[in-house]
Amino acid sequence: MTPEMIPFEADSLLDWRGLTDAILDGHMRPKAHIGDTFLYRGDDTMLTRSAWIDGLGSAVKTANIMPGNPGRGEPLIHGAVNLYDDTTGLLEAIVDFHLVTKWKTAGDSVLGARLLARPDSKVILIVGAGTVGRTLREAYGALFPKARFLIWNRSAAGAERFADEDDKTDAIMSLEDGIAQADIITSATMTSEPIIKGAWLRPGQHLDLIGAYRPDMRETDDDALTRARLFMDSRDTVLDHIGEFKDPLARGVIHKDDIVGDLYDHQAGVFQRAPEDITLYKNGGGAHLDLMTSRYILDAWRNR
């Protein structure tokens, strides 16, 4: 059997709420077997992530993350996603890497917000005006259609260009002021040093962290972690791999029993909040989510 080649054009077949349903369904199956390999060359990273879920098959995703690419006129990340049949191991599909990454990354975050943010959230702050930020605008807009958006970026010009693309989005110059206004803060930056301060947060907010993916990267300071109820998509892919939690855990700022839950705990009912809670969700984007997303895309492609 020739594997199906699924192009980025399949994007029009997909639905954000449908994807979050598919991810929740995937977490009701036997727990994923996950294997990650990180190779580094200076600031460059080659990340290979593989996952196997009984009933969904297996997937291997390779991402080459090259911070110098934007200066060369290339996307930050290139890679490939292979999806394999659960019974035979046959290669079923080669799915466009950027399609899977777009939907997996933002879908993971909006699922966290669907479970943890106040349903009546009216103001959503996006931190980072890059490609992921634009996808977050699309995804959060689908789940919170009445919300208005703020955008902050290190480059004010980048924030203004972003805001010009949408009449419900306003650029802001002060990150602290934007956080003060927001009900939901979603951050997708490449920073290694925390830029979101816990002292700026207020009761009732939801904080969605995406950008940090290496042990030496963080978007928030220790104060944010100690003030918030902590959640993540997967303990297996976050705690020992990503600086957002790995660093403060190593220094004793937080402890593993401070983690309320990950998505495999959803069935146990731990994804709850009191009105005054600050909730923090770390999007680690593990390979099991690439597998769930790729399977959702393949099903949509076959049913088109």
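Predicted model: local features only at pLDDT ≥ 70, side-chain atom pairs only at ≥ 80, totals over all residues.

Author: Let's start with a side chain. Aspartate 262 reaches the backbone nitrogen of arginine 235 with its side chain, at 3.0 Å.

Residues are numbered from 1 along each chain as its sequence is written, and side-chain values use heavy atoms, with hydrogens and water left out.

Where does aspartate 262 sit? Its place is the loop between β13 (259-261) and β14 (279-282); helices (H or I, at least four residues) and strands (E, at least two) are DSSP runs, numbered from the N terminus. Aspartate 262 counts as buried because its relative accessible area is 3% (buried is under 20%, exposed over 50%, partly exposed in between, with a 1.4 Å probe and protein chains only). Setting aside neighbours within four places in sequence, aspartate 262 is in contact with Met232, Asp233, Ser234, Arg235 and Phe271 (contact means heavy atoms within 4.5 Å).

Histidine 266 lies in the loop between β13 and β14 too, but with a relative accessible area of 29% histidine 266 is partly exposed. Not counting residues up to four places away in sequence, histidine 266 touches Leu24, Leu115 and Phe271. Leucine 24 is 242 residues away from histidine 266 along the chain, yet their C-alpha atoms are separated by 8.2 Å.

Another stop is helix α1 (residues 16-26), where you'll find aspartate 21. This aspartate 21 is partly exposed, at 36% relative accessibility, and its side chain makes a polar contact with the side chain of arginine 114 (2.9 Å). Aspartate 21 and leucine 111, 90 residues apart in sequence, are 8.5 Å apart in space, C-alpha to C-alpha.

Over in helix α3 there is leucine 136, which counts as buried at 0% relative accessibility. Beyond its neighbours within four places in sequence, leucine 136 has contacts including Ala106, Ser109, Ile126 and Ile210.

The largest share, seven residues, comes from α2. In total 42 residues line this pocket, with Leu76, Ile77, Thr101, Val132 and Met190 nearest its centre. A pocket here is an open set of points, on a 1 Å grid over the protein atoms alone, where a 1.4 Å probe fits, with protein on both sides within 12 Å along at least five of seven lines; lining residues have an atom within 4 Å of a point.

Zooming out, the protein chain has nine helices and 14 strands. Buried residues make up 52% of its 304 residues. Of the contacts with a separation of 6 or more, 68% are between residues 24 or more positions apart. Along its principal axes, the C-alpha trace spans about 55 × 45 × 40 Å.

Notes: Polar contact = N/O pair within 3.5 Å; in protein donor to acceptor, adjacent residues only side chain to side chain.
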